[in-house]
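Biologist: I have a new model open and want a quick tour. Can you walk me through the fold and the charged pairs?

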Amino acid sequence: MLRTDVIQAFLNSRKKPAYLEIGVKDGENFFPIKADSKTAVDPHFAFSFKNRLRWVYKNPSNLTAKYFEVTSDQYFETAGNKKMDVVFIDGLHTYQQTLKDVINSLKLLKDNGVIVMHDCNPPHKAAAHPSNSPAEAALAGLPGWTGEWCGDVWKTICYLRSTRSDLRAFVLDTDYGLGIVTKGDAGDLLNISEESINAMTYDDLVKDREKLIGLRNKEYLFEFMKTL
């Protein structure tokens, strides 16, 4: 089960759904998604105009899609108040930026909307190395480097599970970890301070992965969708 499948499952449960993707890159995930309204945001789109037209033929949902070649911060400054059913966050893989993207996305999210975050369950220490880009991580000479890079996005889930009683947040154990965030009663929060989260490393995640990020098997998705 890949991110595209999970996102589409949420969208399919809505009438005339609106979709926003942060970090579109080459459009591998964005173009196949079917929704009545689609918005793409990335500071540097990595697809040609010809490929964009080709996808209009493959998926008519792309005919009316809107494209913003700006940073997520710049987009949210002028985004207006159009409400989204699903927001997918796969931009800069840092704790600081993904948390900012989540907070900004919540302002545009419908009450029963869903935020999906990629790279929330890094497979090994090298993949979780904090960097500002995959190129920077690749140049760091990390032991065990394989080209897989998730950064420290997982800390955003940990932060939400520790500080936001008004949000439900967990991670599906598939496709490098898909973080799911929705509005609603969180139940019991983790007893972890913001300072402690800032200081955490991948070793801390390994010690208690299930508790820190609320790791769930992918089959839990369909059970969770019944609660929305």
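Modeller: Start with the sheet. It is open, has 8 strands and mixed pairing, and its order is S3-S2-S1-S4-S5-S7-S6-S8. Keep in mind that this is a predicted model.

Biologist: Which strands stand at the edges?

Modeller: Strand S3 (66-68) and strand S8 (215-216). Each has a single partner strand, so one side of each has no neighbour in the sheet.

Biologist: How does S4 run against S1, parallel or antiparallel?

Modeller: Parallel, with 4 bridges between S4 and strand S1 (residues 18-22). For a residue pair to look at, Ile22 has Ile89 of S4 as its bridge partner.

Biologist: And how many bridges join S4 to S5?

Modeller: There are 5, and these two strands also run parallel. S5 spans residues 109-117.

Biologist: What sort of unit do S4, H4 and S5 make?

Modeller: A right-handed β-α-β unit, with helix H4 taking up residues 95-108.

Biologist: Next, S5 and S7. Parallel or antiparallel?

Modeller: Antiparallel, over 3 bridges. Ile115 turns up again here, opposite Val181 in S7.

Biologist: Which strands does H4 touch?

Modeller: H4 packs on the sheet and touches S1, S4, S5, strand S6 (167-172) and S7. The direction of H4 makes about 155° with that of S5.

Biologist: What about H6, which strands does that one touch?

Modeller: H6 also packs on the sheet, touching S5, S6 and S7. Its direction makes about 145° with that of S6.

Biologist: How many residues of H6 are buried?

Modeller: 8 of 10, so helix H6 (residues 154-163) is largely enclosed by the rest of the structure.

Biologist: Which residues are those?

Modeller: Trp154, Lys155, Thr156, Ile157, Cys158, Tyr159, Leu160 and Ser162.

Biologist: Switching to charges. How many salt bridges does the count come to?

Modeller: It comes to 7. One of them pairs Lys110 with Asp85, side chain to side chain, at 3.0 Å from N to O. Lys110 is in strand S5 and Asp85 in strand S4, so the pair ties together parts 25 residues apart in sequence.

Biologist: Is Asp85 buried or exposed?

Modeller: Buried, at 3% relative accessibility. The cut-off for buried is under 20%, so Asp85 qualifies. Lys110 is at 28% and counts as partly exposed.

Biologist: Which residues are in a network of salt bridges with Asp85?

Modeller: Arg14 and Lys110 are linked with Asp85 in that network.

Biologist: What does Lys183 form a salt bridge with?

Modeller: Asp111, with the closest N and O atoms 3.8 Å apart. This pair links distant parts of the chain: Lys183 is in strand S7 (residues 178-183) and Asp111 in strand S5, 72 residues apart.

Biologist: Is Asp111 buried or exposed?

Modeller: Exposed, with a relative accessible area of 68%. Lys183 is partly exposed, at 29%.

Biologist: Where does Asp203 come in?

Modeller: The side chain of Asp203 meets that of Lys125 in a salt bridge, 3.6 Å from N to O. Asp203 belongs to helix H8 (residues 202-207), while Lys125 is in the loop between S5 and helix H5 (134-138). The two are 78 residues apart, and the pair links distant parts of the chain.

Biologist: Last topic. Where is Asp175?

Modeller: In the loop between S6 and S7. Asp175 counts as buried, at 12% relative accessibility.

Biologist: What is Asp175 in contact with?

Modeller: Leaving aside neighbours within four places in sequence, Asp175 is in contact with Met1, Leu2, Arg3 and His118.

Biologist: Which atom of Arg3 lies 2.8 Å from the Asp175 side chain?

Modeller: The backbone nitrogen of Arg3, and the distance is to a polar atom of that side chain.

Biologist: Good, that covers my list.

Note on methods: Residues are numbered from 1 along each chain as its sequence is written. This is a predicted model: local features need pLDDT of at least 70, side-chain atom pairs count only at pLDDT 80 or more; totals for chains, interfaces and linings use all residues. Side-chain values use heavy atoms; hydrogens and water are left out. Two strands pair if DSSP finds at least two bridges between them. A crossover is right-handed if, with the strands pointing away from the viewer, the path from the first strand over the helix to the second runs clockwise. A salt bridge is a side-chain nitrogen of Lys or Arg within 4 Å of a carboxyl oxygen of Asp or Glu. Buried means under 20% relative accessible area, exposed over 50%, partly exposed in between (1.4 Å probe, protein chains only). Contact means heavy atoms within 4.5 Å. Axes are lines fitted to C-alpha atoms, for helices over the stretch in contact, and angles run from 0 to 180 degrees between N-to-C directions. A polar contact is a pair of N or O atoms within 3.5 Å; within protein, one must be able to donate a hydrogen and the other to accept it, and residues adjacent in sequence count only if both atoms are side-chain atoms.
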